[in-house]
Amino acid sequence: MDEVFEERRIMNLAWSRRRAGTPDMFSAEERAFLDALREPERRNPRRDESGTATAPLLPVAQLFTRDVAGLPFSERFDLLQVLWCPFDHPATEEYWPAVQLRWRDTTQSVFKPMYPMGSTLVGFEDYVPSPCVLAPEEVTEYPDMNLLSPELREEIKATSERLETFDYHDNALAPGWKVNGHGAAWMIIDAYDVLCECGAKAKPLLTATSGETGAPTSHWTPSEERDKAANAELFYSCADVYLGRGYDLQIFHCGLDPEHPPVMEMS
């Protein structure tokens with residue numbers, strides 16, 4: 001995992017040098033490091049599950065109810081920790097990181113923050129989130145078009161045809177990483193009502209994305225970041241996570257029991 005972060009550091013420096021007009025993007029030491037990473041014997045098989053049995057789970061998000069309004073089960077827990085395994089799991093046809101949820105009451109336990117060792121083996125470097133601090137901002141969303149009633153869908157379609165600048169898809173769902181809301185835009189398959197294994201309705205909990213904003217959704221960009229968005233620096237996720245071919249991973253939770261495993265859907 002240390003190599004993942006070092007590679008990212010080098011690449012960020014290289015891009016900054018390129019923007020500054022520096023002829024050499026890499027130093028000799030940096031190029032030697034990158035060349036060593038790309039030696040065939042150093043690359044992990046893309047679909048190898050052999051390391052998953054003993055692989056530590058990576059921390060993805062740590063959310064406190066004091067910071068994030070509307071977290072589920074707040075009457076019982078004040079902390080949600082989202083973890084995932086940094087491998088694909090083709091045996092179960094899950095080509096995304098396996099997610100686990102930890103609901104905690106910090107008044108009942110003493111927690112010592114820990115991070116996996118730098119020597120931790122990961123199957124996909126794109127499944128290793130870069131540490132960052134959140135600045136939550138509450139916004140209003142609306143369900144995917146396919147989850148609306150037929151009558152409301154027809155009304156929205158008529159509005160879109162009448163107003164050429166109106167696009168429900170781009171206005172209903174905020175892009176980027178988010179909690180709760182109505183999840184991500186369904187791009188691979190049509191939206192459907194997601195259920196827990198117990199049969200209860202599963203609700204959107206966390207959306208992990210490969211990118212933040214793009215041209216069609218630039219109106220969602222926070223005002224303090226719009227200069228960067230204009231330079232297309234916010235397309236890739238601030239957490240350096242890249243899922244599939246640039247997809248979003250929707251993580252749903254059981255609406256009745258926090259002990260039930262989450263449901264995931266790539267979109």
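Guide: Leaving aside the residues within four places of it in sequence, Pro56 is in contact with Pro86, Pro116 and Thr120. Please bear in mind that this is a predicted model.

Visitor: What makes Pro86, Pro116 and Thr120 contacts of Pro56?

Guide: A contact requires heavy atoms within 4.5 Å. Pro86, Pro116 and Thr120 are in contact with Pro56 in that sense. Pro56 itself belongs to the loop between α2 (28-37) and β1. Its C-alpha atom is separated by 7.0 Å from that of Cys85, although the two residues are 29 residues apart along the chain.

Visitor: Why is Pro56 called partly exposed?

Guide: The relative accessible area of Pro56 is 35%. Buried means under 20% and exposed means over 50%, with partly exposed in between. The value of 35% therefore makes Pro56 partly exposed.

Visitor: Why is Thr207 counted as buried?

Guide: The relative accessibility of Thr207 is 2%. The limit for a buried residue is under 20%, so Thr207 counts as buried. Thr207 lies in strand β5 (residues 202-209). Not counting residues up to four places away in sequence, Thr207 touches Gly176, Trp177, Lys178, Gly183, Ala184, Asp248 and Leu249.

Visitor: How do you know which strands pair in the sheet β1-β2-β3?

Guide: Two strands pair if there are at least two bridges between them. β1 and strand β2 (residues 79-85) have 6 bridges, and β2 and β3 have 7 bridges. The pairing is antiparallel, and the 3 strands form an open sheet. Individual positions illustrate this: Leu58 stands opposite Trp84 in β2, while the bridge partner of Leu79 in β3 is Arg104.

Visitor: Why are β1 and β3 said to stand at the edges?

Guide: β1 (58-64) and β3 (98-104) each have a single partner strand, so one side of each is left without a neighbour in the sheet. From one strand to the next, the twist averages 15°.

Visitor: Why is β2 described as largely enclosed by the rest of the structure?

Guide: In β2, 7 of the 7 residues are buried, so the strand is largely enclosed by the rest of the structure. In a regular strand the side chains alternate between the two faces of the sheet. On one side of β2 are Leu79, Gln81, Leu83 and Cys85, and on the other are Leu80, Val82 and Trp84.

Technical notes: Residues numbered from 1 in each chain as written. Predicted model: local features only at pLDDT ≥ 70, side-chain atom pairs only at ≥ 80, totals over all residues. Heavy atoms only, no water. Helix = DSSP H or I, 4+ residues; strand = E, 2+ residues; numbered from the N terminus. Axes fitted to C-alpha atoms, helices over the stretch in contact; angles between N-to-C directions. Buried < 20%, exposed > 50% of the residue type's maximum accessible area, 1.4 Å probe, protein only.
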